[in-house]
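Student: Could we go through the labels attached to this model one at a time, setting each value against its cut-off?

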Amino acid sequence: MTRAQNQILTLIAMLPLDQRRELVEHIYDVNLFGESFYDQMSAEQRAELDESIAQADRGDVVESEHVFAELARKFGFSRA
C-alpha cells in the first residue's frame, strides 16, 4: 500500500461510522471505478479495510487534533 493510500484510510477511519457508510455508499453509487471498488481490491486490501473500520467502530482512533498537530510538526507548519 502506498503512503497516500494509508493516509486516506487513516482519515476515513477517523470519520464517524455514519459518515464512513455515507462515503462508501456514495462511491458505490457513483461507481467511479466501473465496478465496485471493493470488488477490485485484493483479499488483503479488503481485510485491511475491514480491520480499519472495526478499529474505528471500537473507538481505537486518534483524535484529529493530535493528527493535525503531528502533521504540522512533521512538515514544519506552525499553528499560530
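Student: Why is R20 called buried?
Tutor: In this predicted model, R20 has a relative accessible area of 4%, and buried means under 20%, so R20 is buried.

Student: What makes the pairing of R20 with D57 a polar contact?
Tutor: The side chain of R20, a residue found in helix α2, meets the side chain of D57 at 2.5 Å, and a polar contact requires a pair of N or O atoms within 3.5 Å. Leaving aside neighbours within four places in sequence, R20 is also in contact with other residues, including I12, L15, I53 and A56.

Student: Which residues of α4 are buried, and how do you know that they line one face of the helix?
Tutor: The buried residues in α4 are L49, S52 and A56. Seen down the axis of α4, its buried residues fall within an arc of 60°, so they line one face. In general, an α-helix has 3.6 residues a turn, so residues three or four places apart point the same way.

Student: What do the buried residues of α4 pack against, and which exposed residues lie on the face turned away?
Tutor: The buried residues of α4 pack against α1 (3–13), α2 (17–30) and α3 (37–40), while the face turned away from the buried side carries the exposed residues A43 and E44.

Student: How do you know that the span of α4 is close to the expected one?
Tutor: Helix α4, residues 43–58, has 16 residues and reaches 22 Å from its first C-alpha to its last, which is close to the 22 Å expected at 1.5 Å a residue. Just after α4, G59 takes a positive phi of about 90°.

Terms used. Residues are numbered from 1 along each chain as its sequence is written. This is a predicted model: local features need pLDDT of at least 70, side-chain atom pairs count only at pLDDT 80 or more; totals for chains, interfaces and linings use all residues. Side-chain values use heavy atoms; hydrogens and water are left out. Helices (H or I, at least four residues) and strands (E, at least two) are DSSP runs, numbered from the N terminus. The expected span of a helix is 1.5 Å times one less than its number of residues. Buried means under 20% relative accessible area, exposed over 50%, partly exposed in between (1.4 Å probe, protein chains only). The arc is that of the directions from the helix axis to the C-beta atoms. Contact means heavy atoms within 4.5 Å. A polar contact is a pair of N or O atoms within 3.5 Å; within protein, one must be able to donate a hydrogen and the other to accept it, and residues adjacent in sequence count only if both atoms are side-chain atoms.
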